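User: I am new to this structure. Could you show me how to read its features, step by step?

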Amino acid sequence: MKIQLSKTHLILGLTAILLTSLGSSYIYAHSQNNENSFSSQQSTSHPADLVVNRVKQSDPVSTAYPENIENRQPLLPSTKNLSLSPPAQTAAYQVIDEMQKYKFSVEGQQVFNPGKLPSTKVNFNQRDLLKVLVNTREYFQKYSQADPDILRSGLLGTQGVKVEDILKTLDFMSAVLQEDIASNRPTRLQDPNFINDNFRVIKWTAHNPQSPSRKQLRITKYAVFNHAGSHTKTATFNIPLYSLKDNLAVDKFYTKYTKQDVLSGIYEPGGKEFGKVEPLVYLTRKGLEEALMEGTVVINFPDGSHAFYNVDRNNEMAYVRGLAATSQKRYWYFRKVDAIKGYGYKID
């Protein structure tokens, strides 16, 4: 298969894997009460870390690759005469919280600057990355009309990056990976020289108006925690994980109640909203807080079985940074699922 390069910018907006590989990483493990994470690696990336964006080519070309695995550089047109400077910057980016409420604005130049990847191999699993690229592209193709949030240009919009640029980059990266995997060779996407020659590279620095002295970016991976639990209420496992009943949740009655209201017993026998929700499983209070924070949990039952539970809907009260977890008003309602789920506008 040949890769057809386009005149347009091919932008990689989803670069967490590349960023993570360049930052120093550490393991954050929950070892208390057998609450171990399936995947709990986090990275703290330094200001030198970079976002990689596909660079503009002067003309459509086909690229051919040598069969010699030791000589993996593609026969690309020279990029020396290409303008790699970013497009004119657009208006300031408006940062919003999960409830779509405005928090503050940031100028693109406060965060982004042109850069180059250092001469360090970019480390990731090739087949895993290909799966992420294909699934992300498919989600845009199938659900962009139903989920308009994904059409928001985001912070890279301040650099002239559009959603269609990101989609073209997904296609380009997928084609490169498919070629390299089929040829049984390390992918060129791990080669910093290939990245620097074929992508627009942007240095991403920390910017937080509430904490101007902060100089590091935090990049996290998706974590799924294991917790012990019970199908029935016991002295140890006495905090229910609730599920909304669809036929009763139309009027959004649940948005009136804080987490503290829920824990006070409003859904229990004798409570004013008894019968409107269903207890799925019972946890400890610590287990509940972990479930609310992470969004997906694996519950291990005394009989040796386990089940997956995923967040479904919340009470539309925003999470408050800096406030202790037990004092947060936000509360999530869960559903039982058949596997660990990723992003989606619906739980399935």
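**Reading the cavity and the sheet**

Analyst: Start with the largest cavity: helix H6 gives the most to its lining, with three residues. Keep in mind that this is a predicted model.

User: How many cavities of 30 Å³ or more does the structure hold?

Analyst: The general idea comes first. Rolling a probe the size of a water molecule over the atoms shows where empty space is left. Here, one cavity of 30 Å³ or more turns up. The largest cavity has about 90 Å³ of space.

User: Which residues line the largest cavity?

Analyst: Among them are Lys259, Glu289, Tyr319, Arg330 and Trp332. By class, the lining has five nonpolar, three charged and one polar residue.

User: Now the sheet. What is the order of its four strands?

Analyst: Again, the idea first. Strands of a sheet pair through backbone hydrogen bonds, either parallel or antiparallel. In this case the sheet is open, runs E11-E14-E15-E16 and has mixed pairing. Strands E11 (225-228) and E16 (332-337) are the edges, each pairing on one side only. On average, neighbouring strands are turned by 35° against each other, direction ignored.

User: In which sense do E15 and E16 pair?

Analyst: Strand E15 (residues 306-314) pairs with E16 in the antiparallel sense, over six bridges. Phe308 stands opposite Val337 in E16.

User: Where does H6 pack?

Analyst: Helix H6 (residues 285-294) packs on the sheet and touches E11, E14 and E16. The direction of H6 makes about 155° with that of E11.

User: What is the average pLDDT of the chain?

Analyst: The average is 77, and 74% of the residues score at least 70. Over residues 1-51, pLDDT stays under 50. Residues 53-86 also stay under 50.

Key: Residues are numbered from 1 along each chain as its sequence is written. This is a predicted model: local features need pLDDT of at least 70, side-chain atom pairs count only at pLDDT 80 or more; totals for chains, interfaces and linings use all residues. Side-chain values use heavy atoms; hydrogens and water are left out. Two strands pair if DSSP finds at least two bridges between them. Helices (H or I, at least four residues) and strands (E, at least two) are DSSP runs, numbered from the N terminus. Axes are lines fitted to C-alpha atoms, for helices over the stretch in contact, and angles run from 0 to 180 degrees between N-to-C directions. Contact means heavy atoms within 4.5 Å. pLDDT is the predictor's confidence in each residue, from 0 to 100. On a 1 Å grid over the protein atoms alone, a cavity is a set of points where a 1.4 Å probe fits but cannot get out, and a pocket is an open set with protein on both sides within 12 Å along at least five of seven lines; lining residues have an atom within 4 Å of a point. Grid points are joined across faces, edges and corners, and a volume is the space filled by probe spheres set on the points. Ala, Val, Leu, Ile, Met, Phe, Trp, Tyr, Cys and Pro count as nonpolar, Asp, Glu, Lys and Arg as charged, and the others, Gly among them, as polar.
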